[in-house]
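Take a look at the chain below.

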Amino acid sequence: MSPTTPVQIVIVGAGPKGIGVLERLCASAPTLLGRRRVVVHLVDPYPPGAGRVWRYEQSPLLLMNSKAADVTVFTDETVQCEGPARPGPTLAEWAEQVRDGRLTADVPPDLATELAGATPATFHTRRMQSAYLRWFYRWVLDNRPDTVDVRLHPVEAVDLTEADGGEQLVWLRGEAEPLRADAVVLSLGHLDAEPGATGRELTEFAERHGRRYIPPAYTADLDLSSIEPGEPVLVRGFGLAFMDLMALLTEGRGGRFHTAADGAVTYQPSGAEPVLHVGSRRGVPYRPKPGYKLVGAPARLPRFFGPPEIGRLAARPGPISFWADLWPLMAKEIGWGYYTELCTAHPERVRLTFAEFARRYAELDWGSDGMARLVAEAVPARDDRLDLTALDRPLAGMPPGDAGEPAGRVREHVESVLSRCADPRYSADLGAVTAMLSVFRQLPAAVATGRLDPRAQAVDLDGWWFGFFSYLGSGPPAPRLRELLALERAGIVSFTGPDMWVEADEGSGLFVGGSPKSPRTVKATTLVDARLPGADVSRSTNPLVQALYGRGRLGEEALTQSGVTVCTGRIHTTGISGWLIDARGERHPRRFALGPHTTLRIAGAFSRPRANALGFRENDLVAREILQLVAG
C-alpha cells in the first residue's frame with residue numbers, strides 16, 4: 001500500500017458499538033497516521049448510531065432499563081486506554097442541554113413531553129435513546145479530523161472474502177462489486193438464530209395442530225398480531241423480554257393504566273389482550289432498579305476479587321473452578337459492597353463499628369461458619385443480612401400447595417421488592433449491585449488466564465452468573481412491576497410459579513405448562529420463549545456469519561482444559577483486542593469482531609460514566625490495532 005493511498009476500513013454494523021469504534025478511529029488517527037487519509041465505510045441497513053435495536057421506528061412503550069444518568073457513549077479520564085479521551089454528555093446531561101437549548105439535536109416532536117420531564121433518574125424510552133445515539137453519530141462526524149472520510153452504505157453485508165495480497169472484499173446485498181478494505185470490523189450485535197432441536201420440535205408441533213410457537217427473538221421485531229384477544233398464552237421467561245412482550249400485548253393493544261393519588265395502579269382492559277401465563281426457573285420477575293443512591297462511604301473496589309486474587313488462582317496447579325475457586329471470592333466482594341453501605345450509611349442497625357467489622361470480615365472466607373457468626377453478631381435484623389442463595393431462588397423454600405399458592409407467593413415477592421427498592425433504608429442492596437459491577441469488570445482477566453475449567457466458564461459463568469447478575473442488577477424500572485401487579489389483578493397475567501415446565505400434548509394439540517409447586521396446569525394455544533437467542537454461530541441467520549462459518553473462516557469459541565473441550569457458540573476472537581480467529585485457531589491479521597456474542601464478555605448494552613468501562617477500552621484497543629496495522 002502506498003503511503004499516499006487512502007486507508008480503507010469497513011465497519012459492518014453501525015449501531016452503538018460500531019460507532020464507538022469509529023469514534024476511537026477518529027480520536028487516534030492524527031497521532032498514528034498523521035496526514036494519511038482514512039476512509040471508513042459503515043455498512044448497516046438500519047440507521048447509523050442507533051442500529052437495529054435502538055432504531056427510532058419501534059413502539060414508544062419500550063423502555064430502557066438504565067437510568068439516564070447511568071448511560072454514556074463518551075470516554076472520560078477514568079478510561080484506561082492509549083487513545084485520547086473525548087468527553088461528552090451522558091444521556092441525562094444531553095437531555096437537559098437539549099431541553100435548555102445548549103445543544104442542538106434532531107429530536108422528533110413526539111418526544112417533546114418526555115424531554116420536558118426528563119431527570120437523571122428517568123428510564124427513557126428506547127426512542128429517546130435512539131435520538132441520543134443519532135446525535136452522537138453526528139457529533140462523531142462533526143468532530144472527526146479532516147483526514148477521515150465516513151461513507152454510509154445502508155444495505156446488508158452478505159459475505160467477506162479476500163483477494164490476492166490480503167485485500168478484504170466486503171460483499172453487499174444487491175451490489176455487483178464489493179467494498180475493498182485494508183481491515184474489517186464485524187460489529188453485529190445480538191445474532192438471531194434458527195431454532196435448535198427443541199425449538200424445531202415445538203415449531204412442528206404448532207404447525208401440525210394449528211397453534212403458535214414463538215422462539216427466542218428480539219421482542220420489538222416480533223409480529224404478535226396472530227395472538228388473539230382472550231387467547232391463553234404460555235410465556236417462558238420472566239426477564240426484560242417478557243416486560244416488553246407484556247407492554248406490547250396490553251397497552252400496545254389499547255389498554256390503559258391509571259395511577260391513583262395514593263400511587264395504586266389499576267388497569268383498564270381494551271378487550272384485545274390475550275391472557276399471559278408466565279413463569280421461569282425462579283418464578284419471579286427481575287428485581288427492579290433501586291430508586292435511591294448510595295449514601296454511605298464508597299466501598300473500596302476491587303477489594304477481595306481483583307488482579308492479586310486472580311493472579312494467585314492462576315499460579316496454582318490445575319484448572320480454576322467456578323464454585324470452589326471464583327464464587328467464594330466473588331460473593332465476598334458482593335458482600336463487601338453490601339456491608340460497607342449498611343455499616344456506614346445505617347450504623348444504627350449494626351452492633352460493631354465499621355472498622356471492627358471490616359477487619360474481621362477480611363480475615364474470613366465467604367460461606368464459613370466464622371463469617372456467619374460475624375454477620376449474626378454485627379447485624380441483628382435478619383432482613384439486613386445478605387443471603388445470596390435466597391436472592392437467587394426466592395421461592396425455593398415454598399412447599400407444594402394449593403392451586404393459588406404460587407401466584408400468591410409471587411405477588412407477595414413482587415410487592416416486597418417494590419417496597420424495598422423504594423426505601424433508602426435498604427440502600428445496602430445498591431451497594432451489593434455496585435460490587436457486582438466491579439466483579440463483572442474483573443472477570444475478563446480471570447477468563448484471559450486460560451485456566452478456567454470449560455464447564456465453569458460455559459455453564460456456571462456464562463449461564464448461572466450472567467443470569468444472576470441480570471436478575472439482580474439489570475431489572476426493569478419499578479413502574480413496570482407495579483403495572484405487572486395491576487395486570488395480574490385484572491386477570492390479564494397469571495403467575496405459574498418457579499421451575500416452570502412446558503409440554504406439547506399431542507392428544508389435545510395444546511401446550512401445557514405449570515410448576516412443581518402447584519397442582520394447577522395451564523393449557524394454551526400459543527407458547528412464547530421470551531428471551532434473546534443464545535450465542536450459537538452454527539445456527540446464526542446472519543448471512544455474513546453463515547458464509548464465514550461455513551468456510552471455516554470464522555471459528556466457534558472452544559474451551560479446552562485438561563483434555564475437556566466445551567464449545568460455547570460464541571464467535572472466537574482474541575478477547576479485548578478483537579482479532580477474529582478461524583476454525584483452525586488462526587488469527588486473521590485484518591479482521592476483527594466485537595459484540596455480545598464474541599469471546600469478550602461485557603455486561604450491559606451501555607457503559608456507565610466514570611467507570612473505566614471495558615467496552616470503551618475494547619473500542620480503543622481495536623481502533624488502534626487497525627491504525628497501527630495500516631500504518632505499517
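Predicted model: local features only at pLDDT ≥ 70, side-chain atom pairs only at ≥ 80, totals over all residues.

Begin with the overall count. The model holds 44 salt bridges.

Find Arg180 and Glu167. Their side chains meet in a salt bridge, with N to O at 3.1 Å. Arg180 sits in strand E6 (residues 179-181), while Glu167 sits in the loop between strand E4 (157-162) and strand E5 (168-172), so the bridge ties together parts 13 residues apart in sequence. How accessible are the two partners? Arg180 is partly exposed, at 42% relative accessibility. Glu167 is partly exposed too, at 32%.

Move on to Arg349 and Asp384. This salt bridge brings the closest N and O atoms to 2.9 Å apart. The pair links distant parts of the chain, 35 residues apart. Arg349 lies in the loop between helix H8 (322-345) and helix H9 (354-363). Asp384 lies in the loop between helix H10 (369-378) and helix H11 (388-392). Is Asp384 buried or exposed? Asp384 has 4% relative accessibility, and since buried means under 20%, it counts as buried. Arg349 is buried as well, with a relative accessible area of 15%.

Next come Arg411 and Glu488. Their side chains form a salt bridge at 2.9 Å, N to O. Here two helices are joined: Arg411 belongs to helix H12 (residues 405-422) and Glu488 to helix H15 (residues 478-489). The two residues are 77 residues apart. Their accessibility falls into two classes. Arg411 is partly exposed at 29%, whereas Glu488 is buried at 14%.

Salt bridges can also join up. Glu356, Arg359, Arg360, Glu363 and Glu377 are linked in such a network.

Now turn to a helix pair. The axes of H8 and helix H14 (residues 454-473) come within 12 Å and cross at roughly 25°. The crossing of H8 past H14 is right-handed.

Which residues make the contact between H8 and H14? From H8 come Phe322, Trp323, Trp327, Met330 and Ile334. From H14 come Ala456, Asp460, Leu461, Trp464, Trp465 and Phe468. By class, this contact of H8 with H14 has ten nonpolar residues, one charged residue and no polar ones. Asp460 of H14 is the charged one, because Asp counts as charged.

Note on methods
Residues numbered from 1 in each chain as written. Heavy atoms only, no water. Salt bridge = Lys/Arg side-chain N within 4 Å of Asp/Glu carboxyl O. Helix = DSSP H or I, 4+ residues; strand = E, 2+ residues; numbered from the N terminus. Buried < 20%, exposed > 50% of the residue type's maximum accessible area, 1.4 Å probe, protein only. Axes fitted to C-alpha atoms, helices over the stretch in contact; angles between N-to-C directions. Left-handed = near helix turned anticlockwise from the far one by under 90°. Contact = heavy atoms within 4.5 Å.
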